[in-house]
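Trainee: Please walk me through this fold, one step at a time.

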Amino acid sequence: MENLKSEDESPASTTQMSVEEKFRIVRSVGEECIQEEELLNLLTKKPQPICYDGFEPSGRMHIAQGVMKTINVNKLTSAGCKVKIWIADWFAQLNNKMGGDLGRIQTVGRYLIEIWKAAGMNLEHVEFLWSSEEINSRAHEYWPLVMDIARRNKLPRIMRCCQIMGRNEQDELTAAQIFYPCMQCADIFFLKADICQLGMDQRKVNVLAREYCDDIKRKNKPIILSHHMLPGLLQGQEKMSKSDASSAIFMEDEEAEVNLKIKKAYCPPNVVEGNPCLDYIKYIVFPWFNEFKVERKAENGGEKTFASFEELISEYEKGDLHPADLKPALSKALNRILQPVRNHFKNDENAKALLKRVKGFKVTK
């Protein structure tokens, strides 16, 4: 992967890395950490902590799921963690993704794994687990946990978690969507996760898991390390949406599609707050390349390479860097990151067939 490990994150091995260094790398993955002192204690005592993240195979993969996840997983494994990626096929079925068709859902799951491989995820300490297989093979462990969590929580508390399914409490929920939070909470203990490394939109169920530890008098609570949620590309879109193709860059978008989407993206001059193009630069481009290169005509300031995001926003706020120069530079950087994925889906027959099938599926909410 191109220049993804910055110079201060590439010790010969994690055994030479100090606990403070491990903590710095792991903590950098999360916008929020509950609790930092527990994380430091875990990294001090456990040589290979287990982190988990779960994905519903529910359609094409956008750049946050693909590139940001790759960046975060590579940081965690570089600091000595083991990462379990839970391919939540049963959960997608419960949540009526792909019309509840498990065969289609599992096809999408295989496509997700192909993308992470092609994007440069270091798989040495990564395990992909299919929820249907794992739950069926250890049902005697799993279902008593789910039942106990359900028994100890009132219905309104579970319904407050429905945000984790991309829904809100006002939606007409099915009974299946009551199962879902109880099962996702059980996953954490079933997978023996020390760290829940999911998005900010999943924090309610992770907090539920910590509350459950209080209920059962369990001292070791899972640490919640919630990553930032990339916004949609258009004005006012808090979150990318698979059902709105213009709101996100997808992992196999062609170069021209990336250029057009970034060209149309919301990027007001001098405004940093709520600017999705700057968010992309902060959370995708800088962690990947450790720099941001802008090519301009001499009369517009000439070529410039920004070594830090702070330097970039300072110039942007002053108007020294204009959206008309920032956008092509962003498109170019994103296309460089995505090119190996495009190549994989063009040249690998299995990947090509998977993508064709996934593109033919109707995305259901």
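Mentor: Gladly, starting with a term: a helix crossing is left-handed if the near helix is turned anticlockwise from the far one by less than a right angle, and right-handed if clockwise. This is a predicted model, where local features need pLDDT of at least 70 and side-chain atom pairs pLDDT 80 or more, while totals for chains, interfaces and linings use all residues. Residues are numbered from 1 along each chain, and side-chain values use heavy atoms, without hydrogens and water.

Trainee: In which hand does α7 pass α9?

Mentor: Helices (H or I, at least four residues) and strands (E, at least two) are DSSP runs numbered from the N terminus. The axes (lines fitted to C-alpha atoms over the stretch in contact, angles 0 to 180 degrees between N-to-C directions) of α7 (residues 139-151) and α9 (residues 176-190) come within 9 Å and cross at roughly 125°. The crossing of α7 past α9 is right-handed.

Trainee: Which residues make that contact?

Mentor: Contact means heavy atoms within 4.5 Å. On the α9 side, C182, M183, C185, A186, D187, F189 and F190 take part. Their counterparts on α7 are E141, Y142, W143, L145, V146, I149 and A150.

Trainee: What is the strand order of the sheet, and which strands stand at its edges?

Mentor: Strands pair if DSSP finds at least two bridges between them. The open sheet of 6 strands has mixed pairing and the order β1-β6-β5-β2-β3-β4. Two strands have a single partner each, so one side of each lacks a neighbour in the sheet: β1 (32-34) and β4.

Trainee: Which strands does α5 touch?

Mentor: Helix α5 (residues 102-119) packs on the sheet, its direction making about 175° with that of β4. The strands it touches are β2, β3 and β4.

Trainee: How many residues of β3 are buried?

Mentor: β3 pairs in the parallel sense with β2 (residues 50-55) over 6 bridges, and with β4 (residues 126-130) over 5 bridges. Buried means under 20% relative accessible area (1.4 Å probe, protein chains only). Strand β3 (residues 82-87) is largely enclosed by the rest of the structure, because its buried residues number 5 of the 6.

Technical notes. Buried < 20%, exposed > 50% of the residue type's maximum accessible area, 1.4 Å probe, protein only.
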